[in-house]
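Student: Please go through this structure with me, and let me put my questions one at a time.

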Amino acid sequence: FHTEADLGRMLSHRGIVRAHATYQFEEENWMAMDLVEGRSLESALRERAAAGRLPPLPMTMAVGLALLEVLRYCHTYEPSPGRLMTVIHGDVTPSNVLIDTSGALKLIDFGIASTSALAELYEERGVATKLQYMAPELYEDGVEANPLVDVYQTGIVLYEMLAGVRPFKA
């Protein structure tokens, strides 16, 4: 929760939903974030699948380009000039991609994001994700996530948009 809140306040990109404040109420943590009017890519894909249709190719291309742009920003994030802090989202899935009413993409849920700078701060490391989207190299013990994990997950999302199914069940 605290990693997600810190990243949500630090990262400033039109394709990332910002966090503004955290609160604790009755032993539960709450986060105030930007309101995104729209829906998840997952719900859009589900609706199209129910109608027996795939997303149009231009939409798939737009999602892919927007996701890669956001991830480039995360992977090359500089909190101050010359200080690189690579942020690996680690959970790039249709449920974590929002499409607002204007068609703009917003990446959410940095709850399992990994970055060496925050890892030192919180003494946490690594990335966990939904198995259907997990990069094969993460199955090995001791292998640390790198930006290619997010690129791999983006490829799975695009495959799902183009084929109408995930390439792997688990």
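Student: In β4, which residue is the bridge partner of S40?

Tutor: This is a predicted model, in which local features need pLDDT of at least 70 and side-chain atom pairs count only at pLDDT 80 or more, while totals for chains, interfaces and linings use all residues. Residues are numbered from 1 along each chain as its sequence is written, and side-chain values use heavy atoms, with hydrogens and water left out. Strand β3 (residues 38-40) pairs with β4 in the antiparallel sense over 3 bridges, where a strand is a DSSP run of E with at least two residues and pairing needs at least two bridges found by DSSP. In β4, the bridge partner of S40 is L98.

Student: Are the residues of β4 buried or exposed?

Tutor: In strand β4 (residues 97-100), V97 and I99 point one way, whereas L98 and D100 point the other way. On the scale of relative accessible area (1.4 Å probe, protein chains only), buried means under 20%, exposed over 50%, and partly exposed in between. On both sides of β4, all of these residues are buried.

Student: Which residue in β5 does V97 stand opposite?

Tutor: β4 also pairs with strand β5 (residues 105-107), in the antiparallel sense and over 3 bridges. I99 stands opposite L105, while the residue in β5 that V97 stands opposite is L107.

Student: In the hairpin of β4 and β5, what phi does G103 take?

Tutor: The hairpin has 4 residues between its strands. There, G103 takes a positive phi, near 95°.

Student: What does the twist average from one strand to the next?

Tutor: The 3 strands form an open sheet in the order β3-β4-β5, with antiparallel pairing. The edge strands are β3 and β5, since each pairs on one side only. From one strand to the next, with angles taken from 0 to 180 degrees between the N-to-C directions of lines fitted to C-alpha atoms, the twist averages 25°.

Student: What angle does helix α2 make with β3?

Tutor: Helix α2 (residues 41-50), a helix being a DSSP run of H or I with at least four residues, packs on the sheet and touches β3 and β4, with contact meaning heavy atoms within 4.5 Å. The direction of α2 makes with that of β3 an angle of about 80°.

Student: At what angle to β5 does helix α3 run?

Tutor: Helix α3 (residues 57-75) lies across β4 and β5. Its angle to β5 is about 40°.
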